[in-house]
Amino acid sequence: MMMLLAGLLLLLLAVQCHGWLSPNVLQHPTRLRQSSSSYEEPDNQFGNQNYWDKTYTQEKEFSWYCGWSEELEPFFTELVPDASAKVLIPGIGNDGCIRDMFDAGYTHLTAFDYAPEGVECAKRLFGSSRLNLMDDMRVADARSLPYDDEAYDAVLDKGTLDSIYLSGGADKDLASKHLGMAVKELARVLKRGGIAFCVTAACVDAVQESFDECNEEQRCWKQIRDGSIHMTDDGYTSNNIDATMLVWERV
């Protein structure tokens, strides 16, 4: 039953991303909430900080799209095998997958969320012993990151870019603008040779197009996973994950 409900949720999100539903239909969107008083704001709950604070207060733990062990892990470790890599996690919120990633050895994590309650929720999930070993966790806006240029070896996005796009509601130009700003910020903070690993389902086309547009302007991305079925050397196949994996190398 839970798998059926999750599938229906992803279908609704995908429909909205393509503009076939009113932006006010959905009650549980994917994860990120990007807005700031310095930007043009959408009339949509996905870009509302208070909405996400309330969501995180009500739902303490949920892994969007996939978990870590035997789901995301074999595909991420294939491309980022060094567990000492500095990894940026946008939209940390209540995702237990990232805690499990930390427990698997990736302790040099920097995580942020637009919603203050998202950060507090993540702190509770991680606990003080893990937090003491993490590099950083804070409130931040994906469209204007507070991090240095070329600071990270990898970025792991799980539905965050989907939610940035969805925050534009029915205004697809605004949605594309905000998503493009976030993708350019990822290009800025990633080291040359770094990996941008995106798990997307609701807005696959929008995410792909945003990276393509960024590449046309800056020539900064080489795509190495395009969402087609991929098998690791250990025999894990990407079609076992209920989402699309898009991956780029920073060049």
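Val87 stands opposite Ala154 in strand E4. Strands (E, at least two residues) and helices (H or I, at least four) are DSSP runs, numbered from the N terminus. The model is predicted: local features need pLDDT of at least 70, side-chain atom pairs count only at pLDDT 80 or more, and totals for chains, interfaces and linings use all residues. Residues are numbered from 1 along each chain as its sequence is written, and side-chain values use heavy atoms, with hydrogens and water left out.

E1 and E4 pair in the parallel sense over 2 bridges. Pairing requires that DSSP find at least two bridges between two strands. E4 also pairs with E5, again in the parallel sense, over 6 bridges. In that pairing, Lys158 stands opposite Val199 of E5. Buried denotes under 20% relative accessible area, exposed over 50%, and partly exposed in between (1.4 Å probe, protein chains only).

Ile89 lies in strand E1, residues 87-90. Its relative accessible area is 1%, so Ile89 counts as buried. Contacts are heavy atoms within 4.5 Å. Beyond its neighbours within four places in sequence, Ile89 contacts Ile98, Met101, Leu109, Thr110, Ala111, Phe112 and Leu156. Ile89 and Asp157 are 68 residues apart in sequence, yet their C-alpha atoms are 6.4 Å apart in space.

Helix H8 covers residues 204-218. It has 15 residues and reaches 21 Å from first C-alpha to last, close to the 21 Å expected at 1.5 Å a residue. The expected span is 1.5 Å times one less than the number of residues. Buried positions in H8 are Val204, Ala206, Val207, Gln208, Ser210, Phe211, Cys214 and Asn215. An α-helix has 3.6 residues a turn, so residues three or four places apart point the same way. The buried residues of H8 pack against helices H6 (160-166) and H7 (172-189), and against strands E5 (190-200), E6 (221-226) and E7 (244-250). Just after H8, Arg219 takes a positive phi of about 50 degrees.

Within H8, Phe211 is one of the buried residues. Not counting residues up to four places away in sequence, Phe211 touches Leu161, Val183, Leu186, Ala196, Cys198, Trp221 and Trp248. A nonpolar core is a set of buried Ala, Val, Leu, Ile, Met, Phe, Trp, Tyr and Cys residues joined through side-chain atoms within 4.5 Å. The largest such core has 66 residues. Phe76, Val87, Leu161, Phe197, Phe211 and Trp221 have the most contacts inside it. H7 supplies the largest share of this core, 7 residues.
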